[in-house]
Structure formats: C-alpha cells, structure tokens
Amino acid sequence: MKLTWRWFGEGDTVSLEQIKQIPVIEGIVGTLEGKPAGEVWSVADFVGIKQTVEAQGLSLDVIESIAVHEAIKKGLPERDALIDAFCESIRNMGKVGIPVLCYNFMPVFDWMRTNLVYQLADKSMVTLYDHQAMLDYDLSQGFEARVAWAHGFTGEQVQAVLAEYSQIDEDALFKNFVYFLERVIPVAEEAGVFLAVHPDDPPWSIMGLPRIVRDAKSIQRIFDAVPSRHNGLTFCTGSLGTSPDNDLPAMVHQFADRIHFVHLRNVALTGFQSFYEVAHTDSTHIDMPAIMQALIDIGFEGPLRPDHGRMIWGETGRVGYGLYDRALAAMYLYGLWQGLKR
Ligand code: DNO
C-alpha cells in the first residue's frame, strides 16, 4: 500500500510542507476546489496540481473527486454532453499519468451528518449522524455547505431538488448509473485511469433520496453490469461500516480486484442507522486490524488514506480534515500495516 493524504489545494488549512513532515505519507489525493460539475478538467488543471505536489517531494496518486452532474444521475436529455465532458476529463487525467479517480453517485448530497461538532468525553470533536434527528430535521432550514459540497442549500432549494428526484427510485438511479458507466469505462480503459466509486455515506436513503452504493449486493450489481476492472471501488470503512450487516474483511476479499483506493476511518454505532466518528484506533465496532490484514491478504498495493479525523488540541479547520488527528491516524495505520506484514 501507499499512504496518501487528501489535500484540498492552496485553500487547505494544512500545507504540503506539513504533510511532507508526516514521515509515512508518500502521496497526495488532489482536487480542484470549486470546479463546477459538468466542466472539463484540462491537462493544465491536472499538471498544475501535479507540479505543486511533486515540488514537495510527494506524488499525485488520486483525484477525489470529479463531481458527476445531477442531470446524469437523473437521466435527463443533456446527460450525453455532460458524460462527454466527464470522459474528456478522464482522458486528460490519463495524459498526465494520474491513475485513480474517486467519485460518487449520491443524489444531491455527498456525505451527510446531523451534527458536525459532537463532543466526545475527551473533548475532541467529531461528526455524528442520528436517524431520528435526520427524520425530525426541518428541511426548510436548508443545509450549510460542507467539505464535500460545493455550496449550501436553502430550504427552498432542498424542496426543489427533492421534488426533482421524486420519480427516481433506486432502479431508475441504477439504470442511469449503468448508462454513465457504459460510456465512461471504455474511455477510462483507454486512458489507463481506474475509476473508484465512493460508497454512499451513510449507506442508506436520506430524505427519501435513492442511494445505491451501500453493501456487498448493491456493489456487486454495479460490477456485474460493467465488468471491467476499471469500474472499481473506493473501499471506505467509515461509510460501509455504519451498516452492521456489512462484513468489511469479507468485502475486501470479495472485491479484491476492484479496490483501487482505500479510506480508513472508525465509527461507533449507537443504534439503528446512527453513529459517530471515533479515533482510528478505536476498533470497538470496526475491526481495523482485521481490515488491514484482509488488505494485506489480497496484496493491495494501491493508495490508502486516513479518512476523517477528530478535531483535537484546539485545532480549527475543515470538519474531519484537520492535521493533528489524521497525522496520528497515518502513523497508527502505517504501524499496523508494517507489523502485520512482518
Ligand atoms: C468525505 C469523502 C467524500 C468523498 C466523495 C467522493 O470526506 O470521503 O466526500 O470525497 O464522496 O466523491
């Protein structure tokens, strides 16, 4: 495996110099913040990130992520032009030699929580998702922008997007996903880029929206529909692990040849569809050593990154993406890997 770090670019509160000082980090997971969905990422865009990263002695291993336009998820007539644009970005990625693209197919919202500042007993801050709080949420309040969302949503916008999806159930979304993959994957093969879909986080329907990348069965269905290895997975333990039915080490084995990128993170399960994030070392509910062992067993050699950390030592910054706790996580994950490997 190769330990990597998600870096949001010059606007990140964490600098490449700081990242480079974490001795186990070799690569960067890069992005272009604020690039609207549907716009082509040019060769110059990718070269810009790559040169900046390489100047610090790091490599650019993954792009996370290029947003899939909502019209593609909804199967609207304009999707063909938008899929062409997505394909163009993949070709350009290939030209610059960036091997992995992490993306998701979640309608409207990316990762969702009901509390972004939940305090643990030790006073560290984490994110929390509570099923009842989600059900009770007053949608007319809208949602503030999040790390993974380009913008926030007013209450009216929320009502509007939910209405647009009212006719789209899981099967319709799946069909639209396959339509997209059938056009994009051949381009990825030619470009030498591996697509790695990120599981839905949390992996169940929210606000009545369909979510279809959530467990072994739904993921297998996606791979069966488009069997190329370039149609792959970002194995995210914090997303898949919030469903107690997901046997994570077994899924590592099942999807051995499709896992192109790994996100490691731990969660504490608190009840039906409810959880909060915890330190990477807290394996009460997700058995991190067993997952690491499974990755070693399948011979995983791709990029892996510590996912969301807690906010500790008074650090402020992007929720889940501070320096301190993710640095602790990186050291733990590397030690675990090295120890198990020996
Ligand atoms: C959360 C991330 C996700 C992920 C996207 C990929 O921190 O894991 O936001 O980047 O879903 O498209």
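Trainee: What should I know before reading the model?

Mentor: The model is predicted, and local features need pLDDT of at least 70, side-chain atom pairs count only at pLDDT 80 or more, and totals for chains, interfaces and linings use all residues. Residues are numbered from 1 along each chain as its sequence is written, and side-chain values use heavy atoms, with hydrogens and water left out.

Trainee: How many residues surround the ligand, and which are the closest?

Mentor: A residue is near a molecule if one of its heavy atoms lies within 4 Å of it. Here 15 residues surround the ligand, and the closest are Glu64, Ser65, Asn104, His308 and Tyr321. The shell divides into 6 nonpolar, 5 polar and 4 charged residues. In this scheme Ala, Val, Leu, Ile, Met, Phe, Trp, Tyr, Cys and Pro are nonpolar, Asp, Glu, Lys and Arg are charged, and the others, Gly among them, are polar.

Trainee: How is empty space found?

Mentor: Rolling a probe the size of a water molecule over the atoms shows where empty space is left. On a 1 Å grid over the protein atoms alone, a cavity is a set of points where a 1.4 Å probe fits but cannot get out, while a pocket is an open set with protein on both sides within 12 Å along at least five of seven lines; lining residues have an atom within 4 Å of a point. A volume is the space filled by probe spheres set on the points, which are joined across faces, edges and corners.

Trainee: Which pocket is the space taken by the ligand?

Mentor: A molecule sits in a pocket if more than half of its atoms lie within 2 Å of its grid points. The ligand takes the space of the largest pocket, whose volume is about 990 Å³. Its lining has 46 residues, and Ala67, Asp110, Ala148, Trp149 and Ala150 are the closest to its centre. Helix 3 (70-74) gives the most to this lining, with 3 residues. Helices (H or I, at least four residues) are DSSP runs, as are strands (E, at least two), numbered from the N terminus.

Trainee: What is the volume of the largest cavity, and which residues are closest to its centre?

Mentor: The largest cavity has a volume of about 80 Å³. Of its 14 lining residues, Ala37, Gly38, Ile66, Ala67 and Phe86 are the closest to its centre. Helix 4 (residues 79-96) gives the most to the lining, with 3 residues.

Trainee: Where are the cis peptide bonds?

Mentor: A cis bond joins glutamate 64 and serine 65, with omega about -5°. Serine 65 lies in the loop between strand 3 (59-64) and helix 3. The bond from aspartate 201 to proline 202 is also cis, with omega near 0°.
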